[in-house]
Protein chains: 2
Amino acid sequence: MNEVISAATRRLDRYPRSAEWFCDFRYYDVSGLGVEDGVHRRDPSSVIEVDGTFHVWYTKSTGVAEGFAAGDDAKVFPWDRSEVWHATSTDGLTWIETDRALGAGEPGSYDDRSVFTPEVLHHEGRFYLVYQVVASPYRLRSKESIAIAWADDPAGPWTRSPHPILRPAEGGEWLGDEDNHLQVVHTGPFDSLKVHDPLLLPFGGRFHLYYKGEQMAEKFAGGGRATRWGVAIADAPEGPYERSPLNPITNSGHETCLWLHADGVAALLTTDGPERNTVQFARDGQNFEIMAHLADPPVAAGPFREERPTVRGLDGLRWGLSHDVTGPWHYIRGFAADERRKDLYAAGSPPELADLSSPPPGAPGAATP
Amino acid sequence: MNEVISAATRRLDRYPRSAEWFCDFRYYDVSGLGVEDGVHRRDPSSVIEVDGTFHVWYTKSTGVAEGFAAGDDAKVFPWDRSEVWHATSTDGLTWIETDRALGAGEPGSYDDRSVFTPEVLHHEGRFYLVYQVVASPYRLRSKESIAIAWADDPAGPWTRSPHPILRPAEGGEWLGDEDNHLQVVHTGPFDSLKVHDPLLLPFGGRFHLYYKGEQMAEKFAGGGRATRWGVAIADAPEGPYERSPLNPITNSGHETCLWLHADGVAALLTTDGPERNTVQFARDGQNFEIMAHLADPPVAAGPFREERPTVRGLDGLRWGLSHDVTGPWHYIRGFAADERRKDLYAAGSPPELADLSSPPPGAPGAATP
């Protein structure tokens, strides 16, 4: 037995040995939601199927984001002055943008500036959209909240909650009156400035509202932006929601992506933090452990989500929509989990020599097994 | 004080809090080493400067890789039947492929099939290339070794070592005679099948030969391929090299990328394993700790390397060459570390609104400060 081991080998027991949750990802363009000059489409919800038709909701806005320096009449971010739109598809590849689900609210309302980053839940015959809201004026110190709307049909009409169902946490205190989000007396909790990217799951008989928190005077760290996720829990979809005392429940991640798996909740974390690009699982929905480190996972993923929990965890990422925000106009594209390289490897066949350009099994457009 | 914390928060102390080593990466095409139909160029060495001229060495081969099923006369991998070539540049952007540094050896020699993945060291007036070698026939069970060549000028002529300077470790045992690399009686050490991707650094008065090990019957794990790095140490560049008792010294990574930093050694790990996409540092050159988790780092990076240690760690990744192997013909492109987004963030200015399309400071083509 070798007692002399390196620091790296000493860390090895932190990491999952099983490749069960490991996969690659393939990306493909979808029609109807792709690049369009002058239009941002981003932040797709999970995809759900209703009577043989796939549905997705997403953030849509038009025009160039000019930044805060351009004044209160400008559009400051691509997700500013946004609306929530709805598209349908029968094959996951060709999408038709059918209707606007939600626009900004009346002047003076809590959502009069922008509504964005929707997620959907189909539960007991009713459809729920949870989404972000921001009120005018939009400044660096603006707090952002989460609201809910419900409808009996995916095409609406949608009824909005009279108030946000989750607001940023209390406890932070700004220093001075300048619109500078880094100047604070107290930062407050991890979600003191913004609650973002909500996702609603019925779990353990209660409604779990997962969200990304941003903190007043949020810092960069060795893993990038220090965004983390929390969860708030209620007995009814409309609330009232109470934050979990375990918050924050992640130390990484940007847009939320979670699904019911087995007797717990699975999550895909991307973009920010040291556990960026991991898939995680929490039997209690709150104490997440890393299942696999993934290469190049979909950003802002909205996977196809069935109402029953997945049996194989990766089926929660089998295919779906994600966004590409690297160009001037943000757009939505498809993704699919691909286990073929892993399977080839396990079979002793060098995956470098395989043609993996066709859609993987289970993806839209894949050959039927 | 909140005693109720989540599993994720409990892990938080594993991760670096400082953003000192965190950066983004930008990529750019370089002329002379870009896509060329029918030709693979890949695995660039570190870039060195000699009398005002930049030099790089890399793997070059021609023709389609047909796989092992095509028989012993075929080219089985893009790095099979390869040679080591040399290019120069005065600006890092325009490269001229000047000469073949090394071809395959005479039939029957230890390197008669392919020479590839070179790295360079300029030390006390002499140039050293360390590289991989494989002998014919190339089979799934072929062992791959590391050799060295030296010259008094970057253009050669190169003198080869009479034998490899590092061979795969003893201790593994195949099961049966079929050419199947998964069938073993014993796997042996982490580097029992192949020693790959050598990189030579003078450190602490001795020569440290870093390399990637592949194991007989290597497995996939939750972080992907289970490749790890080792180091072998000698008093002279030509050897004899003795493996460190601490091996393996990483639990992740594919192509090696290391440089002298302060009083130790820094490393960029990519592609494989749970610590894929981290930059690490070891004061003793062997016990590496994670300094930052990086997004989208260069694969097979050959950074511009000065002979003196870096003072700021990220200066070891300021710019260089990497490869893109996603298309049918592998090619070499440029990369540059970019700290602008981090700097904007720290200054309170949303980086989403900045135009970061120009080369970052310190990159080829960047505006002079």
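Q: Two strands pair if DSSP finds at least two bridges between them. With that settled, what is the order of the open sheet of 4 strands in chain A?

A: The order is β13-β14-β17-β18, with antiparallel pairing. β13 and β18 (242–243) of chain A are at the edges with a single partner strand each, so one side of each has no neighbour in the sheet. Strands here are DSSP runs of E with at least two residues, helices are runs of H or I with at least four, and both are numbered from the N terminus.

Q: What kind of model is this, and which pLDDT limits apply?

A: This is a predicted model: local features need pLDDT of at least 70, side-chain atom pairs count only at pLDDT 80 or more, totals for chains, interfaces and linings use all residues, and side-chain values use heavy atoms, with hydrogens and water left out. Residues are numbered from 1 along each chain as its sequence is written, while chains are lettered from A and ligands numbered from 1 in the order in which they are written.

Q: Back to the sheet. How many bridges between β13(A) and β14(A)?

A: Strand β13 (residues 194–203) of chain A pairs with β14(A) in the antiparallel sense over 8 bridges. One of the facing pairs is A:K194 with A:E214 in β14(A). The two strands form a hairpin with 2 residues between them, and A:G204 in the turn has a positive phi of about 60°.

Q: And what does β14(A) do with β17?

A: β14(A) and β17 (residues 228–234) of chain A pair over 7 bridges, again in the antiparallel sense. A:H208 has A:I233 in β17(A) as its bridge partner.

Q: How many residues of β14 in chain A are buried?

A: In β14 (residues 206–214) of chain A, 8 of the 9 residues are buried. Buried means under 20% relative accessible area, exposed over 50%, partly exposed in between, with a 1.4 Å probe and protein chains only.

Q: Chain B next. What is the strand order in its open sheet?

A: The 4 strands run β1-β25-β24-β23 (chain B), with antiparallel pairing. β1 (24–29) and β23 (302–303) of chain B stand at the edges, each with a single partner strand, so one side of each lacks a neighbour in the sheet. β23(B) pairs with β24 (residues 319–324) of chain B over 2 bridges, and B:G302 stands opposite B:L321 in β24(B).

Q: New topic. What rotation superposes chain A on chain B?

A: A rotation of 180° with 0.0 Å of shift along its axis does, at RMSD 0.0 Å. That is the relation of a two-fold axis. The C-alpha of chain A nearest the axis belongs to A:D296, 4.2 Å from it.

Q: How many residues are in contact between the chains?

A: 63 residues of chain A contact 63 residues of chain B, where contact means heavy atoms within 4.5 Å. 100% of the interface residues of chain A are also interface residues in chain B, so the copies meet through the same surface.

Q: How much area do chain A and chain B bury between them?

A: About 4,900 Å², 58% of it on carbon and sulfur atoms. A:F220, A:G222 and A:Y345 lose the most area on the chain A side, together 15% of what that side buries. Buried area is the accessible area (1.4 Å probe) that two parts lose on being put together, summed over both.

Q: What is the salt bridge count between chain A and chain B?

A: The count is 6, a salt bridge being a side-chain nitrogen of Lys or Arg within 4 Å of a carboxyl oxygen of Asp or Glu. One of them joins A:E352 and B:R225, with the closest N and O atoms 3.9 Å apart.

Q: B:D43: buried or exposed?

A: B:D43 is buried, with a relative accessible area of 4%. Its phi is near 55°, a positive value in a residue other than glycine. B:D43 sits in the loop between β2 (39–42) and β3 (48–50) of chain B.

Technical notes:
Least-squares fit on C-alpha atoms with pLDDT ≥ 70 in both.
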